[in-house]
Amino acid sequence: MTPEQKLEIEQQAVRMLRTVFDPEIPVDIYSLGLVYKIDVLDNGDIDIDMTLTAPNCPAADFIVEDARLKLETIEGIGNVNINIVFEPEWTQDMMSEEAKLELGFL
């Protein structure tokens with residue numbers, strides 16, 4: 001897979017992740033700053049490191065499955081591996097300016 005193909009898949013992954021929402025928060029997980037890493041591997045697999053707003057998030061399974069299903073629709077990718085990590089710990093500072101505005105933090 002060429003670097004250009006990897007970049008295109010990464011950009012598509014970001015677009016897809018911007019359509020995944022925590023049911024309790026009206027902002028997508030990418031804008032919330034919950035996605036820490038998107039890594040497109042040479043074999044076409046994609047590894048995502050992401051966190052949750054809280055370790056005991058009741059919507060965790062829903063969010064991960066929604067993200068996986070949407071990422072799997074990207075043409076040219078293999079397996080989608082989503083790793084839930086809690087380091088670094090998520091804070092409101094990780095949100096995009098748009099997300100902060102939407103949630104009334106600005």
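E2, H2 and E3 make a right-handed β-α-β unit, where right-handed means that, with the strands pointing away from the viewer, the path from the first strand over the helix to the second runs clockwise. Helices (H or I, at least four residues) and strands (E, at least two) are DSSP runs, numbered from the N terminus. The model is predicted, so that local features need pLDDT of at least 70 and side-chain atom pairs count only at pLDDT 80 or more, whereas totals for chains, interfaces and linings use all residues. Residues are numbered from 1 along each chain as its sequence is written, and side-chain values use heavy atoms, with hydrogens and water left out.

**Sheet**

- Three strands form an open sheet in the order E1-E2-E3, with mixed pairing, and two strands pair if DSSP finds at least two bridges between them.
- Its edge strands are E1 (35–40) and E3 (80–84), each of which pairs on one side only.
- From one strand to the next the twist averages 15 degrees; angles run from 0 to 180 degrees between N-to-C directions, and axes are lines fitted to C-alpha atoms, for helices over the stretch in contact.

**Strand pairing**

- Strand E2 (residues 46–50) pairs with E3 in the parallel sense over five bridges; Ile46 has Val80 of E3 as its bridge partner, and Asp49 has Asn83 of E3.
- The pairing of E1 and E2 is antiparallel, again over five bridges, and Asp39 stands opposite Asp47 in E2.
- The hairpin of E1 and E2 has five residues between the strands, and Gly44 takes a positive phi near 95 degrees there.

**Helix pair H1 and H2**

- The axes of H1 and H2 come within 9 Å and cross at roughly 140 degrees.
- H1 and H2 are therefore oblique to each other, since angles under 35 degrees count as roughly parallel, over 145 as roughly antiparallel, 65 to 115 as roughly perpendicular and the rest as oblique.
- Ala13, Met16 and Leu17 of H1 make the contact with Ala67, Lys70 and Leu71 of H2.

- A cis peptide bond, with omega about -5 degrees, joins Glu87 and Pro88, and Pro88 lies in the loop between E3 and helix H3 (97–102).

Technical notes:
Contact means heavy atoms within 4.5 Å.
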